[in-house]
Amino acid sequence: MPYSGLAEVVKNQKVGPEHFLMEVFSPELVREAKPGQFAHVRCTNQMDPLLRRPISLHEINHKKGSVSLLYQVVGRGTRLLSGMQAGGEIDIMGPLGNGFNIPEGARKVLIVGGGIGAAPLFPLIIELEERHIEQTVLLGARTTDDIIGYGHLAALGIRTEVATDDGSMGYKGFVTELAEKHVKDPAGPDYFFACGPNPMLRELIKLTRVSGLQGQVSLEEYMGCGVGACLACVCKTTAGGVNDPEDKNEFEYKKVCTEGPVFDAGEVILDD
Amino acid sequence: MTDMGVNPAGKGFNLAVNLGGLKMKNPVTTASGTFGFGPEYAPYIDLNRLGAITVKGTTLEPRRGNPTPRIAETPAGMLNCIGLQNPGVSHFIEKDLPYLREYDVPVIVNIAGSSLEEYEKLAGRLSQAAGVSALEVNISCPNVKQGGMVFGTSCAMASDVIKAVRRSTGLPVIAKLSPNVTDIVEIAKGVADAGADAIALINTLLGMKIDIQSRKPVLGNIMGGLSGPAIRPVAVRMVWQAARAVKLPILGMGGIMTADDALEFILAGATAVAIGTANFVNPGATMDILEGIGQYMKKYHVRDINDLVGAAWK
Ligand SMILES: Cc1cc2nc3c(=O)[nH]c(=O)nc-3n(C[C@H](O)[C@H](O)[C@H](O)COP(=O)(O)OP(=O)(O)OC[C@H]3O[C@@H](n4cnc5c(N)ncnc54)[C@H](O)[C@@H]3O)c2cc1C
Ligand SMILES: Cc1cc2nc3c(=O)[nH]c(=O)nc-3n(C[C@H](O)[C@H](O)[C@H](O)COP(=O)(O)O)c2cc1C
Ligand code: FES
């Protein structure tokens, strides 16, 4: 059962120009936490800003009974989060959502993360590592400062390739261009996991559909409740069956907060 | 009182209320559309402790709802344009109602239609189904093109909807009113004359938000309904006006976040209160509010919650 209540902020450090890493001590939350799940946090105990913010679990530390959230300051809520002090308390709900599911037969996995979207992929990468499943990680971002966890992956000895829009690190261009090479390689991956901005996911889904590579993507949508009650966070899927792929009206909504945020790449419909 | 755990004020204090024939063990229910069909919040609270559960708006046929974004945060509030997404009344009766029947809590089913005939059919179907305790008639949803608010903003139409529902059900009929009107008293009187047993108010206030970067409306449906603390003063005022104008009991809602807020509605004339947006902020909000009402009663030696209803008029 998800936890909901106060938890201690163990640390809240600046780890990039706009990136912060917050460790939260909550044995109740950690107990059932899985890679790909998220926490729904309050940024203030006042009535404004009112709503919780969904943030992925970036680290799940069962031994310490803590989770870490890696977040980018993009607005009022995340700015308030960045001001929280170690030793203070945060109002947190979680773990929420379904999480990634490593399929039985996966032997060689491709991981694609775009910008801050790479955050939820790290617990998955660690689990794949522990299960001795071969993996290649592709990270993309606008510029070097926005590439997250590169050092961490290098320390773990995980094969990692980087793409930046400005060419300041790794390949100059989109991470999907790096992905294309792997996806098309006959000796390439047999499964993929991805999280990042919608244009990246859209391109990746297109590529992998052509080559028949299966995988899972983690989506973002504006949320209210985070528990499946308000129907704010829907995304289009092919769950109802599609007879005519040209028919824009053939889709079924699913809830990102409970039926996601991780979806089968084959079922999501991402509009332009 | 069957269970001590249900009465936060303890022995000798009465929290039970009667909302137009619907008996509630305490005055706290959920606001339609903010609590799903119940199971969503079962991990967080004991549903049995609620005075009633009000479920998501139900229509005759399944509805897919509006495109995203469906929600936007605003100062101390939020806009939504869900668009009444729901699986339809048959699905509700077959799949959701059996779950709710497992609980010892009355179920208020919120209904919405795009024609009088639809309201009538819905009311008929739900009256046959075991486990429905009352109907809350949404004549006020700002998020659907036909029907919805047009029924709630015209007095004659609001009365027609309530008459249609009244004809087809023996269940308590709660008319849920739109605040997007010039004169709430006129509508309240209209639905009272048409045979409603209680009045629920307020639904959301029509609003919108524009993104100055993209220079476009934020919501997928352009406009949406405002809820949360931002609307509370408007809601309290409308409860006050409606409660004084008609004899019917009132189910008050609109921005209730705490027990203090709930008490404000009760003092303004609400017999019961519904908790909406607060659930998103605090999944235990209903229980905290119930607890707080009990404490207030103890502190001020209020033996019966009904003694507080409309107490601010005196
Ligand atoms: C399942 C999920 C996991 C996420 N994981 C992370 C993560 O690990 N790290 C991280 O930095 N960000 C993550 N995000 C995005 C994060 O929720 C937003 O950046 C954050 O809500 C912005 O809040 P704000 O007040 O700073 O921004 P504002 O733009 O001021 O927020 C205004 C409103 O819009 C909502 N909103 C804005 N951007 C987003 C968005 N991209 N997704 C959903 N709601 C949004 C806010 O929640 C708020 O209600 C995740 C989103 C989802 C849905
Ligand atoms: C996400 C959301 C969905 C809603 N859906 C419905 C609905 O289906 N039917 C209805 O009558 N009211 C609906 N409402 C209105 C609420 O029941 C309530 O009247 C309103 O939100 C004011 O209360 P609050 O400020 O406590 O949320 C919805 C409100 C929200 C926020
Ligand atoms: S956020 Fe409420 S249903 Fe997903």
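Colleague: By class, which residues make up the shell around ligand 1?
Modeller: This is a predicted model. In it, the shell around ligand 1 has eleven nonpolar, five polar and four charged residues.

Colleague: Which residues come nearest to ligand 1?
Modeller: Arg53(A), Pro54(A), Gly77(A), Thr78(A) and Glu220(A) do, out of 20 residues around the ligand.

Colleague: What makes the pair between Thr78(A) and ligand 1 a polar contact?
Modeller: The cut-off for a pair of N or O atoms is 3.5 Å. A polar side-chain atom of Thr78(A) lies 2.4 Å from an oxygen atom of ligand 1. The pair is within the cut-off, so it counts as a polar contact.

Colleague: How much of ligand 1 does the protein cover?
Modeller: Ligand 1 has 830 Å² of accessible area on its own, and the protein covers 85% of that. Strand S4 (53-56), strand S6 (66-72) and helix H2 (76-82) of chain A each give two or more residues to the shell. S4(A) gives the most, with four residues.

Colleague: Why do you say that ligand 1 lies between domain 1 and domain 2 of chain A?
Modeller: Domain 1 (3-96) and domain 2 (108-264) both give residues to its shell, so ligand 1 lies between them.

Colleague: How many residues does each domain of chain A put into the contact?
Modeller: Start with the spacing. The centres of domain 1 and domain 2 of chain A, taken over C-alpha atoms, are separated by 22 Å. The contact takes 18 residues from domain 1 and 18 residues from domain 2. Here, contact needs heavy atoms within 4.5 Å.

Colleague: What area is buried between these two domains?
Modeller: About 1,500 Å² is buried between domain 1 and domain 2 of chain A, and carbon and sulfur atoms give 67% of it. On the domain 1 side, Pro35(A), Phe38(A) and His58(A) lose the most area to domain 2, together 29% of what that side buries.

Colleague: And what is the area buried between chain A and chain B?
Modeller: The figure is about 2,500 Å². Carbon and sulfur atoms give 64% of it. Leu50(A), Leu231(A) and Tyr253(A) supply 23% of what chain A buries against chain B, more than any other three residues. As for residue counts, the contact takes 31 from chain A and 33 from chain B.

Colleague: Which residues come nearest to ligand 2?
Modeller: Ser32(B), Lys176(B), Gly228(B), Gly255(B) and Thr277(B), out of 24 residues around it.

Colleague: What puts Asn203(B) within the polar cut-off?
Modeller: The limit is 3.5 Å. An oxygen atom of ligand 2 is 3.4 Å from an N or O atom in the side chain of Asn203(B), so the pair qualifies. For Lys176(B), a side-chain N or O atom is 2.7 Å from an oxygen atom of the ligand. For Gly57(B), a polar backbone atom is 3.3 Å from an oxygen atom of ligand 2. The protein covers 98% of the 600 Å² of accessible area that ligand 2 has on its own.

Colleague: Which peptide bonds in chain A are cis?
Modeller: One joins Gly94(A) and Pro95(A), with omega about 0°. Pro95(A) lies in strand S7 (residues 89-96) of chain A. Another joins Gly260(A) and Pro261(A), with omega about 10°. Pro261(A) sits in the loop between strand S15 (252-255) and strand S16 (262-264).

Colleague: What is the phi of Ile222(B)?
Modeller: Its phi is positive, about 65°, although Ile222(B) is not a glycine. Ile222(B) is in the loop between strand S13 (216-217) and strand S14 (223-227) of chain B.

Terms used. Residues are numbered from 1 along each chain as its sequence is written. Chains are lettered from A and ligands numbered from 1 in the order in which they are written. This is a predicted model: local features need pLDDT of at least 70, side-chain atom pairs count only at pLDDT 80 or more; totals for chains, interfaces and linings use all residues. Side-chain values use heavy atoms; hydrogens and water are left out. A residue is near a molecule or strand if one of its heavy atoms lies within 4 Å of it. A polar contact is a pair of N or O atoms within 3.5 Å; within protein, one must be able to donate a hydrogen and the other to accept it, and residues adjacent in sequence count only if both atoms are side-chain atoms. Accessible areas come from the Shrake-Rupley method with a 1.4 Å probe; for residues, only the protein chains shown count as cover. Ala, Val, Leu, Ile, Met, Phe, Trp, Tyr, Cys and Pro count as nonpolar, Asp, Glu, Lys and Arg as charged, and the others, Gly among them, as polar. Domain bounds come from an automatic or database domain assignment. Buried area is the accessible area (1.4 Å probe) that two parts lose on being put together, summed over both.
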